[in-house]
Amino acid sequence: MNDDDIEVYVDDARRELRMTLHSLRQQDEKPPGRPNRALADFVAPKETGLKDYIGAFAVTITGADELAKQFEAKHDDYSSIMVKSLADRLAEAFAERLHERVRREYWGYAADEALDSEQLVREEYQGIRPAPGYPACPDHTEKELLFRLIDASKNAGVTLTESFAMWPASAVSGFYFSHPASQYFAVGKLARDQVEDYARRKGMDLATIERWLSPNLGYEPE
């Protein structure tokens, strides 16, 4: 972590920077003892020299759109809707299962985890998997970095549209954070100073960033 950015290196030696991910920080006033969070807080600060890791994933269910169109051609809208809904639920289940394997097997930081279905629904496990475009990471353009990091189009068969929607539509993607204190949160409304800083860090013009962050702006763009 480097301030509110997350630097991702090619290997543990940190000789080559692969890319920089960007996070936004809550700016609303908090009660004493409650921090203004950013996703970068869940990665070890660069100056500590500690080795830390961030993960990424993309999963999808293929064939649902084609099957739904077949039902639509027969004027069976109910079956079309059910196919799309089932595919969405399967993609979410796929993401849940993959996260479980990351915790228990691939990263193994929770190898002894034994949660029942209700505990999983309540997300009582260690770690989070926030997705670009959602409350903790409201900027959809970070999805392009995520996809480049894991080559999601090649490895998972998921592509991004110009508006950063995923195709096939029944797809889930996000980042993995394993820090014991990591939790979901909403960035909330952003002041102009942070948006200007964020645009600078991303190397994008302010108007473009304001367009992508419009639901989170706490001010009227010029």
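**Notebook: helix 1 and helix 2**

I noted that helix 1 and helix 2 are roughly antiparallel to each other (an angle over 145 degrees, between N-to-C directions). The model is predicted, so I kept in mind that local features need pLDDT of at least 70 and side-chain atom pairs pLDDT 80 or more, while totals for chains, interfaces and linings use all residues. Residues are numbered from 1 along each chain, and side-chain values use heavy atoms, without hydrogens and water.

*Entry on the crossing.* I looked up the axes of helix 1 (residues 64-73) and helix 2 (residues 77-106), which come within 8 Å and cross at roughly 170°. Helices here are DSSP runs (H or I, at least four residues), and strands are runs of E, at least two. I recorded that Ala64, Leu67, Ala68, Phe71 and Glu72 in helix 1 meet Ser79, Ser80, Val83, Lys84 and Ala87 in helix 2 (heavy atoms within 4.5 Å). I then sorted this contact by class and found 6 nonpolar, 2 polar and 2 charged residues.

*Entry on helix 2.* I found that helix 2 has 30 residues and reaches 41 Å from its first C-alpha to its last, close to the 44 Å expected at 1.5 Å a residue (1.5 Å times one less than the number of residues). I listed its buried residues, among them Val83, Ala91 and His99 (under 20% relative accessible area, 1.4 Å probe, protein chains only). These buried residues pack against strand 3 (55-60), helix 1, helix 3 (117-121) and strand 6 (171-176). After helix 2 I noted Gly108, whose phi is positive, near 70°.

*Entry on Ala73.* I located Ala73 in helix 1. Ala73 is exposed, with a relative accessible area of 62% (the cut-off is over 50%).

Note on methods:
Axes fitted to C-alpha atoms, helices over the stretch in contact; angles between N-to-C directions. Parallel < 35°, antiparallel > 145°, perpendicular 65-115°, else oblique. Nonpolar A, V, L, I, M, F, W, Y, C, P; charged D, E, K, R; others polar.
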